[in-house]
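Colleague: I am new to this structure and would like to learn how to read its features. Could we go through them one at a time?

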Amino acid sequence: DSSGEDIVTKLLDLKEPTWKQWREFLVKYSFLPYQLIAEFAWDWLEVHYWTSRFLIINAMLLSVLELFSFWRIWSRSELNVNTAGVRCHLGRQALQK
């Protein structure tokens, strides 16, 4: 029963995140989402060993795949063409309304 009370008191004593923690979270959420998942899985490695390993390896492979995809788009200059096309399309949509 005392261990149940300890968990409840730990949950009640949680502090609000600082601005530095929010900034770190938002940067990782925006630019490195798979690393954020891997860090969360790393914290659970002792509890769920194989599940956490699977998530960490999967996050690593998805990060590499995303990096290669972005590099291929960037090296072919498709990114610049696509952004110009999107801007043109949005401009036409705005003029129609």
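Colleague: In which helix do Lys28 and Glu24 lie, and how many residues apart are they?

Modeller: This is a predicted model. Lys28 and Glu24 both belong to helix H2 and are four residues apart, which is about one turn of the helix.

Colleague: What kind of contact does Lys28 form with Glu24?

Modeller: The general idea comes before the case. Side chains of opposite charge can pair when their charged atoms come close. Here Lys28 forms a salt bridge with Glu24, and the closest N and O atoms are 3.2 Å apart.

Colleague: Is Lys28 buried or exposed?

Modeller: Lys28 is buried, because its relative accessible area is 14% and buried means under 20%.

Colleague: Which side chain meets Lys28 in a salt bridge with an N to O distance of 2.7 Å?

Modeller: That is the side chain of Glu39. Glu39 lies in helix H3, residues 33-43, while Lys28 is in helix H2, so this pair ties together parts that are 11 residues apart in sequence. Glu39 is partly exposed, at 31% relative accessibility.

Colleague: How should I read the packing of H3 and helix H4?

Modeller: Two packed helices are described by the angle between their axes and the distance between the axes. For H3 and H4, which covers residues 49-75, the angle is about 165° and the axes are 9 Å apart. An angle over 145 degrees counts as roughly antiparallel, and H3 and H4 are therefore roughly antiparallel to each other. The crossing of H3 past H4 is left-handed.

Colleague: Which residues make the nonpolar surface patch?

Modeller: Trp19, Trp22, Phe25, Leu26 and Tyr29 make that patch, which has an area of about 630 Å². One of them, Tyr29, lies in helix H2, residues 19-31.

Colleague: Why is Tyr29 classed as exposed?

Modeller: Tyr29 has a relative accessible area of 54%, and exposed means over 50%.

Definitions and conventions: Residues numbered from 1 in each chain as written. Predicted model: local features only at pLDDT ≥ 70, side-chain atom pairs only at ≥ 80, totals over all residues. Heavy atoms only, no water. Patch = residues over 30% accessible without salt bridge, like charges linked within 9 Å, V, L, I, M, F, W, Y side chains within 5 Å. Areas by Shrake-Rupley, 256 points an atom, 1.4 Å probe, with all protein chains shown as cover. Salt bridge = Lys/Arg side-chain N within 4 Å of Asp/Glu carboxyl O. Helix = DSSP H or I, 4+ residues; strand = E, 2+ residues; numbered from the N terminus. Buried < 20%, exposed > 50% of the residue type's maximum accessible area, 1.4 Å probe, protein only. Axes fitted to C-alpha atoms, helices over the stretch in contact; angles between N-to-C directions. Parallel < 35°, antiparallel > 145°, perpendicular 65-115°, else oblique. Left-handed = near helix turned anticlockwise from the far one by under 90°.
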